[in-house]
Amino acid sequence: MGRQRQVQKPEKALKVHFDKTVPSNSENRSSFVVSIKNSLVMLIVVIAMYVARKGYLETRVTTPFDEHKVVTESGLMVPDRYWGSYRPGNYFGLKTREFHSPVVGLMWYFPNRVGPDGISIRHWCEQGDRLDRYTWTKHDGRSFGIQEIDDGPVRITTSFVKRPGGIQGGDWTARISVSHLKQESRGEPVALLFYSALDPHTQGRLNHYPGNVLSGMVG
């Protein structure tokens, strides 16, 4: 018997129809107008909700917080707290509780360490100073405080004590002492700068006690 060949019929070609219809300008304009209308409607709804919410809050009754206040008096009304270490940005500083207050503070530097970039003065609490430690070891928040500052080979101890009374919130005395932590650093000098300043908005003056050595200030 002879072999019969199976002849495969060619598959029908797929016809793809592309719609080349391009929207007209009038259709584009109508869709743009619809989009603007929807945006305006949403904006009006948001404004209406905001006005309604505000009107609702205005009708609520505000009840005062009936608890003891943390600060009831300030300034010279509390004379034993009038002066204090209210300068947290400084290593050591004193001021009053008034908004425009005279200030006093401490700066120091090591003369033997002055480099080409100038003098590295310690004044503001900066991470770049790389101090080993500075902390208040004793402080009652009213009448006295003792602080220790370890800067390399030296320890600077600052302290103050207050005596209430008078019309200026009382008197205070500050003391700064330096001790060397290492025996080999005892010959290294330390320059201390204790300063006082007035706020530009303060109408006052500072007078020093008579004499060649500044031992106190009044004003």
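The model is predicted: local features need pLDDT of at least 70, side-chain atom pairs count only at pLDDT 80 or more, and totals for chains, interfaces and linings use all residues. Residues are numbered from 1 along each chain as its sequence is written, and side-chain values use heavy atoms, leaving out hydrogens and water.

The His-123 side chain makes a polar contact of 2.7 Å with the side chain of Tyr-195. Another, of 3.3 Å, joins the side chains of His-123 and Trp-124. His-123 sits in the loop between strand E3 (103-109) and strand E4 (133-139). Strands (E, at least two residues) and helices (H or I, at least four) are DSSP runs numbered from the N terminus. His-123 counts as buried, because its relative accessibility is 13%. The classes are buried (under 20% relative accessible area), exposed (over 50%) and partly exposed (in between), with a 1.4 Å probe and protein chains only. Leaving aside residues up to four places away in sequence, His-123 touches Gly-89, Asn-90, Tyr-91, Leu-106, Met-107 and Tyr-195. Touching, or contact, means heavy atoms within 4.5 Å.

## Overall layout

The protein chain holds one helix and 10 strands. Along the sequence the pattern reads α-β-β-β-β-β-β-β-β-β-β. Of its 219 residues, 21% count as buried. Among contacts with a separation of 6 or more, 44% join residues 24 or more positions apart.

The accessible surface comes to about 18,000 Å², and carbon and sulfur atoms hold 56% of that surface. Areas follow the Shrake-Rupley method with a 1.4 Å probe; for residues, only the protein chains shown count as cover.

## Nonpolar core

The largest nonpolar core has 14 residues. Within this core, Leu-94, Trp-108 and Ile-149 touch the most other members. E3 and strand E6 (154-163) each supply at least two of the core residues. A core here is a set of buried Ala, Val, Leu, Ile, Met, Phe, Trp, Tyr and Cys residues joined through side-chain atoms within 4.5 Å. In soluble globular proteins, nonpolar side chains tend to be buried together.

## Nonpolar patch on the helix side

Ile-36, Leu-40, Leu-43, Ile-47, Tyr-50 and Val-51 make a nonpolar surface patch of about 600 Å². Patch residues have over 30% relative accessible area and no salt bridge; nonpolar side chains (Val, Leu, Ile, Met, Phe, Trp, Tyr) are joined within 5 Å, like charges within 9 Å. Ile-36 is placed in helix H1 (residues 25-58). Its relative accessible area is 38%, so Ile-36 is partly exposed.

## Salt bridges

The whole structure has nine salt bridges. Each puts a side-chain nitrogen of Lys or Arg within 4 Å of a carboxyl oxygen of Asp or Glu. One of them joins the side chains of Arg-113 and Glu-188, at 2.9 Å from N to O. Arg-113 lies in the loop between E3 and E4, and Glu-188 in the loop between strand E7 (171-180) and strand E8 (191-197), so the pair ties together parts that are 75 residues apart in sequence. Arg-113 is partly exposed, at 43% relative accessible area.

Arg-163 and Asp-171 also meet through their side chains, at 2.7 Å from N to O. Arg-163 is exposed at 57%, while Asp-171 is partly exposed at 45% relative accessibility. Glu-148 bridges to Arg-155, with the closest N and O atoms 3.8 Å apart. Arg-155 is partly exposed, with a relative accessible area of 24%. Salt bridges link Arg-133, Glu-148, Asp-150 and Arg-155 in a network.

Arg-130 is found in the loop between E3 and E4. Its phi is near 55°, a positive value in a residue other than glycine. Most residues other than glycine have a negative phi. Arg-130 counts as exposed, because its relative accessibility is 73%.

Pro-88 lies in the loop between strand E1 (83-84) and strand E2 (93-96). Pro-88 is exposed, at 75% relative accessibility. Pro-88 and Cys-125 are 37 residues apart in sequence, and their C-alpha atoms are 8.4 Å apart in space.

Terms used:
A polar contact is a pair of N or O atoms within 3.5 Å; within protein, one must be able to donate a hydrogen and the other to accept it, and residues adjacent in sequence count only if both atoms are side-chain atoms.
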